[in-house]
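Hi,

Here is the structure you were waiting for. Have a look at it first, and then read my notes below.

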Amino acid sequence: MAKQQQGPQEKSQDAGKETITPRAKDYAQWYLDVVKQAELAEHSGVRGCMVIRPHGYAIWERMQRELDDRFKATGHVNAYFPLFIPLSYLAKEEQHAAGFAKECAVVTHHRLKTIDGVVQVDPESKLEEPLIVRPTSETVIWAQYKNWIQSYRDLPILINQWANVCRWEMRTRLFLRTTEFLWQEGHTAHATEAEAIEETHRMLGVYADFAENVMAVPVVQGAKSPGERFPGALESLCIEAMMQDGKALQAGTSHYLGQNFAKSSDVKFLNKDGKLEFPYATSWGVSTRLIGALIMTHSDDAGLVLPPKLAPIQIAIVPIYKSDDEKAKVLQEAEAVFNELKGQGLSVKLDAREGMHPGAKYFEWEMKGVPVRIEIGPKDIEKGSLCLVRRYVAEQEGESEQDLRKRKKAFVPRGEALSGMKALLDEMQRQLYERAKAARVRRTRTIDQLADFERFFKDEGGGFAWVHWAGSAEDEDAMAKKYETSVRCIPLASQIPEAARGEGKCIYTGKPSTQRVVMAKSY
RNA sequence: CGGGGCGUAGCUCAGCUUGGUAGAGCGCGUGGUUUGGGACCACGAGGCCGCAGGUUCGAAUCCUGUCGCCCCGACCA
């Protein structure tokens, strides 16, 4: 009894409230909390596999739409190839097979049987040849291209597919790395090397444009070091984004595959001179990992923050009323506002749920990252104004929670609020990008001395370090062991800031170096 | 594949040390009062305690086995 008195179950003040761990306390936990509380995704009963919930999937659908439009605009068409890849196909390209060997799901049987009351794999249904669940589709696609390509007139082939793939990773994280994930993979075939390389760069550009202008995520475009290249590629280009914790996240890749896959699949075409040649290939992809990038770039301790261009709901309308009389009036106005905004082509949600206090709705929509909330109550109707609340505003130093909340809120004359909504959303989109870019600048250094490098990553929180590099793969490994950093990319010339141009000496080996690379810790 | 943790109500967990037949909070349903930043009251529904053996008169609890998931490391979009 005395024992009981000593340790009463302390009731948390937040009991029952869904809470998010602050970023400063535990960034990894914060990420998991946001994913869960914003109802983006959750763990399934299957190891390493997630369920993407409607709100998360809606974001993916918007990404798909934006990307797909860009693929079409650059001349690509969609198609679909099989989930299963015969082992012999995958094995055709040696480097490729070796690269994926350790993470393949393998189908070996095709039937179940009830034996002693237990449903199990029928041992007699063993496949002659095992099937690999695609980790990527180069080999199945090129097996088909063999039939489609005979002449230079058949080229280029510019195909994309939206699909799921499976990579049996040891360690998984929601969106960032799961056993099964959704993505798109472009696979093109060209008559000349120059054209294929151009394509590789073009699609990297598409990704960069999408990341910066739609996701509002600034990226560095560059090439992977040989050790980080896609298995089977001659060159892998990538876009690298910086997350709020200073770590780099590869957000998209575009590979120049040369003639490797054409050769291994024995695909040849007759050129204008009547000579047989192997076509040149590219492949490029982005995945649901982008949702992870989105979260870790913009979101805050109150939950998800979405750029208007990707927000499944751009505006949430919350009606406020007491009496039935008020309720009728308020709902009428709320519906009118809803229809007017919808008529502008905006994505609006009228949250008329009953028995839920307005405050609870505010929290929910904030958690889910809705850019703008409109509160409509009797007072607003009386004044002919709307209460607009932004999900985020440009930061000010040393601002209190109260002041920040106040600053997000604005009472705007009705007509002005409605006619200015698009502009407001555009402005918020721009602000998000600027904020992310400023955050990256704050954590970016041009570094020449190893001691400074060490201090940057060990004491100053780290970020992107622009350093001269002329080391070998072994040197890179050694750096990784010591500082947990790696060469994230060798930036394209256009990406190099003024201060980081010119030649120098490798930060690690001291050898002469022609350009700087971006080093960082990474996801 | 190593190291750790956890499987009890939809969720988070208590109960297990010292076996006696199932609990809390949240959520959910109904009714009422509420509603400008996470409402409250009343009543109610909801569990083969991961699974399989064993010990015992009796197992969520003890023993053995087994399955699954999560977290930390080695591999990766």
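A quick word on burial before anything else: I call a residue buried under 20% relative accessible area, exposed over 50%, and partly exposed in between, using a 1.4 Å probe and protein chains only. Please keep in mind that this is a predicted model, so local features need pLDDT of at least 70 and side-chain atom pairs count only at pLDDT 80 or more, while totals for chains, interfaces and linings use all residues. Residues are numbered from 1 along each chain as its sequence is written, chains are lettered from A and ligands numbered from 1 in the order in which they are written, and side-chain values use heavy atoms, with hydrogens and water left out.

First, the overall picture. Chain A has 523 residues, 49% of which count as buried. Its C-alpha atoms fill a box of roughly 80 × 70 × 65 Å along the principal axes. There are 17 helices and 27 strands in the chain; these are DSSP runs numbered from the N terminus, with helices being H or I of at least four residues and strands E of at least two.

A residue is near the strand if one of its heavy atoms lies within 4 Å of it. There are 39 such residues around RNA strand B, and Arg171, Arg177, Thr178, Arg289 and Asp380 come nearest. Of the RNA atoms within 4 Å of the protein, sugar and phosphate account for 45%. By type, the surface near RNA strand B has 16 charged, 13 nonpolar and ten polar residues. (Charged is Asp, Glu, Lys and Arg; nonpolar is Ala, Val, Leu, Ile, Met, Phe, Trp, Tyr, Cys and Pro; the others, Gly among them, are polar.) Helix α11 (358-367), strand β19 (372-376) and helix α12 (378-383) each supply at least two residues of that surface, and α11 gives the largest share, with six.

Some polar contacts (pairs of N or O atoms within 3.5 Å; within protein, one must be able to donate a hydrogen and the other to accept it, and residues adjacent in sequence count only if both atoms are side-chain atoms) are worth a look:

- Arg373 puts a polar side-chain atom 2.7 Å from a base oxygen of RNA strand B.
- Pro378 has a polar backbone atom 3.0 Å from a base oxygen of RNA strand B.
- Tyr321 has a polar backbone atom 3.1 Å from a sugar or linking oxygen of RNA strand B.

Next, salt bridges, meaning a side-chain nitrogen of Lys or Arg within 4 Å of a carboxyl oxygen of Asp or Glu. The count comes to 35. One of them pairs Asp122 with Arg111 at 3.0 Å, N to O. Asp122 sits in the loop between β7 and β8 (126-133) and Arg111 in the loop between β5 (105-109) and β6 (112-115), so the pair ties together parts eleven residues apart in sequence. Asp122 is buried, at 4% relative accessibility, whereas Arg111 is partly exposed at 39%.

Glu333 and Arg414 form another, with their closest N and O atoms 2.8 Å apart. Glu333 belongs to helix α10 (residues 324-343) and Arg414 to helix α14 (residues 414-419), so this pair links parts 81 residues apart in sequence. Glu333 is buried at 16%, and Arg414 is partly exposed at 22%.

There is also a network of salt bridges linking Glu39, Asp351, Arg353, Lys361, Glu364 and Lys368.

Cheers
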